[in-house]
Amino acid sequence: MKRLPVFFLAILTAIVIGTAVGAGSLLADKVLDKAVDNSTGSELVIYGAVDRETIKSVFSAFLERHPQIALKYREFNSLDLYQYFLEHPDERPDLMLSSAMDLQFKLVNDGYAQRYSSEHTDRLPTRSKWRDELFGYAVEPIVIAINTDLLAGAPLPQSREQLLALIRNKDHLLDEKIGLPDIKSTGIGYLTWSYDSQLSRTYERLLEAFGIHHSRLYSDTRSMLRALTRGEIFIAYNALGSYTQAWSQEHPWIVPVLPTDYTTIVLRTAFIPKASRNPAEAKTFLDFLLSDIGQQLLTEHSSLIPVSGGPGNDSGSPTLFGASHSLLRPIPLGLELLLQTDTAKRQLLFDEWDSAMPHLSK
Amino acid sequence: MTRANPSIRRQLLWMTLLVLIVINGFVAWSANLYANRAARLSYDRLLLGSVLQIAENINSLDGNIVIDLPRSAFETLAMAPSDRAFYSIIGPDQHVLSGYTDLPDIPFDDLDQVRDQGGQITPFFYNGVYRGEEVRFLGVNKQLIDSNSSSDIYIVVGQTLSARQELAKETNWFVLRFVMLFFAVTLLLLMFGIWRVLRPLQRLRKAIDERSALELKPLILPVPKEITPLVNAINRSNTQLNSTLERLKRFTSEAAHQIRTPLAGLSSQAQNALDEKDETQRQQQLSHIVECSNLLRETVNQLLNQATLAHRFQSQPLKSISLDRLTKEVCRDLVVWALQKGVEIEYSGKVEVEIDGDDFALKQMIRNIIENAVNYSSRQSVVEVSLHVEHGKSRDEVVLRVKDQGIGVSDEEKQHIFERFYRSPNSQQPGTGIGLAIAKEVAEHHHASFRLRDNTPRGLIVEVVFPPVEVTAS
């Protein structure tokens with residue numbers, strides 16, 4: 001079992017090397033400006049909780065193939081994206097991209113998505129799509145990022161148990177040095193934390209340890225990683241694996257850990273709203289994103305991890321989704337996600353969170 | 001072109017096909033019902049399971065309602081993998097505590113009612129349309145009992161129907177495939193069965209085809225019980241045909257003989273007359289020739305009459321006729337002819353009788369009986385004809401009686417006089433020997449019978465006894 005995470009890391013590494021070699025210089029906004037001049041062309045509006053830098057290579061490759069389309073991308077925090085979508089029924093986009101599976105799922109369950117199926121969507125494994133309305137296009141392992149300077153020769157913790165032991169050992173050294181995603185303001189933060197609460201035997205102790213050490217909250221993985229680099233924190237819990245891996249290439253002392261008790265896997269999902277004004281363009285883009293080329297672009301030119309496991313591997317991504325080992329725990333794309341969106345459940349979790357971290361409610 | 005004869009094979013096939021279609025149609029229809037019901041029940045159970053798990057995790061703590069939804073409740077719902085699901089947990093004042101706030105038409109009254117009747121958490125299922133899709137809802141009322149108060153909590157969970165429909169379709173298709181297979185196999189078996197059952201008929205046809213045109217021997221074939229009567233009927237008809245043919249043969253040869261003999265006599269007497277020089281002798285011979293040819297003409301007439309009657313019996317339906325009028329007519333016709341022979345015909349009938357019969361044939365019969373009586377009567381005698389009703393023990397009979405005072409018929413001869421061409425050996429009278437035979441045929445055709453008795457002091461009484469009919473005294 002020890003070899004699997006190694007194998008997985010090797011894949012991540014390969015992805016990141018690809019990114020370094022092939023990253024295009026085109027920015028989505030620039031492409032947009034160019035495309036607006038094209039008066040005969042059509043429009044495609046995408047709202048996403050994906051870092052613009054990360055997805056831009058896919059956008060530019062798409063625009064090269066479809067120069068008549070003017071692509072407009074608007075970036076949100078995943079929770080903001082959900083709320084904006086609901087609060088602005090007149091401004092619904094043509095495609096929704098987000099890693100907050102539960103929020104995406106809720107929108108689809110509530111009937112905001114339209115059905116679509118094509119050879120590309122049909123190729124997706126059933127656990128990566130729902131009702132032909134919601135489609136997973138990339139996977140995201142949730143990792144612990146650790147500044148190795150902290151260790152001072154101690155071994156890198158490989159599981160949550162070992163992390164707790166490390167926190168116990170370093171004790172005062174880690175006061176205010178642990179970073180967490182803010183579960184109240186970020187969708188992905190709440191999703192991963194609530195999943196931990198359902199799955200982990202160490203959840204209570206983690207919560208207690210984080211509280212005792214006055215953990216800091218961050219609104220996204222990038223700011224958490226920046227704080228890690230600056231030495232503001234030593235440990236970042238529940239960081240997005242793709243960003244962390246890319247970050248660690250530039251800052252080798254920051255290491256992503258895939259916990260061996262279990263590693264949560266989040267699907268980055270996309271759906272086409274019913275209110276889409278350019279559904280044809282949205283479908284074209286979705287097909288491109290799910291095609292071999294699109295998935296390969298994700299592998300080579302972004303830090304995202306394709307859902308299909310890349311070209312030549314139609315059976316999905318065995319290293320990520322394999323049921324053969326207990327390391328990886330994909331959050332199922334199904335009705336279970338409704339629990340994450342339940343307000344009462346959310347309040348219970350917030351109550352636990354608040355009582356464990358009194359320093360934050362000051 | 002007239003319609004083709006109906007084929008038993010085709011009729012059987014159509015009938016079995018019809019029956020099979022009806023049966024299979026019924027089976028398919030009930031399979032559809034069953035499939036829908038089974039799918040509804042199984043997914044309703046999932047809904048119920050989910051609701052029960054949710055209900056278990058709603059509790060009252062220090063007067064506060066605590067809702068901690070279990071993941072398993074949603075995992076249960078997720079067993080319908082591509083159905084949307086909705087839930088709502090509603091407090092005592094119908095204020096939504098968690099979940100969807102806009103579920104349609106929640107039947108709070110029904111939920112209260114089933115709770116009152118069935119106790120805690122009795123499920124109430126209903127259908128509704130929510131967010132553009134038909135949804136199966138399940139609601140329960142859970143009463144939260146605290147130390148000093150109780151409050152009604154409503155839990156409603158709904159799910160879209162595609163998994164149910166999918167399951168129903170699958171079950172239905174599964175059964176339908178069986179039905180189709182069953183249909184095909186049954187049809188084949190029945191076709192085989194029909195072929196087997198009808199095979200003896202084929203054999204019978206072949207056996208009849210293979211016989212020569214004049215072969216009328218009984219068919220002896222191994223056939224099923226149901227076809228045995230047919231074979232028997234064929235055999236019986238053949239036997240009758242055979243005897244008819246035999247009779248016809250005998251009749252033809254007798255008739256030929258009866259005609260040939262007087263012809264030969266005529267020929268030789270004519271020859272004699274040619275050769276005769278003596279005028280008186282020749283006169284005598286010539287008058288003899290005339291007599292012979294008269295008799296011959298009579299014989300031929302009778303034969304033709306008989307043929308005519310035989311034809312009439314087959315072609316003419318019986319009509320209602322007056323027997324007394326007919327008898328009187330015949331008597332009138334014959335009275336002059338009889339007087340020439342010195343015989344008086346006397347009619348004494350007092351009844352009017354209507355019977356169903358063939359007037360031509362009956363006239364012929366009465367005529368032949370009276371002629372026969374006159375022919376055998378001596379000069380200056382009377383032939384009495386009468387029609388009356390005899391009141392028998394069990395029934396009334398109409399009797400036509402002809403009495404003569406001739407030489408009479410011996411008891412031994414009585415059984416022969418109705419045979420065709422029978423001539424009494426001690427008869428001096430010329431006759432054809434056909435008249436009474438015809439009379440008997442006509443009588444039989446009218447279900448009447450003959451009675452012969454001796455007259456006193458001498459002579460013969462011939463009685464024709466008709467079956468009972470309506471009679472009015474005149």
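This is a short tour of a predicted model, with stops in chain B and then chain A.

Before you click, know that chains are lettered from A and ligands numbered from 1 in the order written, while residues count from 1 along each chain's sequence. Local features need pLDDT of at least 70 and side-chain atom pairs pLDDT 80 or more, totals for chains, interfaces and linings use all residues, and side-chain values use heavy atoms, without hydrogens or water.

**Stop 1: chain B.** Select chain B and switch to cartoon view. You'll find 10 helices and 15 strands (DSSP runs: H or I of at least four residues for helices, E of at least two for strands, numbered from the N terminus). Of its 474 residues, 38% count as buried (under 20% relative accessible area, 1.4 Å probe, protein chains only).

Stop 2: Now select B:Arg247, B:Phe251, B:Gln306, B:Arg420 and B:Glu441. Of the 20 residues lining the second largest pocket, these sit closest to its centre. (A pocket here is an open set of points on a 1 Å grid over the protein atoms alone, where a 1.4 Å probe fits, with protein on both sides within 12 Å along at least five of seven lines; lining residues have an atom within 4 Å of a point.) Next, colour helix H5 (228-275) of chain B: H5(B) gives the largest share of the lining, 7 residues.

**Stop 3: A:Ser159.** Jump to chain A and pick A:Ser159, in the loop between strand E5 (134-147) and helix H7 (160-170). Is A:Ser159 buried or exposed? A:Ser159 counts as buried because its relative accessibility is 11%. Finally, show A:Pro259, A:Thr260 and A:Asp261: A:Ser159 touches these, leaving aside residues up to four places away in sequence (contact means heavy atoms within 4.5 Å).

Definitions and conventions:
Buried means under 20% relative accessible area, exposed over 50%, partly exposed in between (1.4 Å probe, protein chains only).
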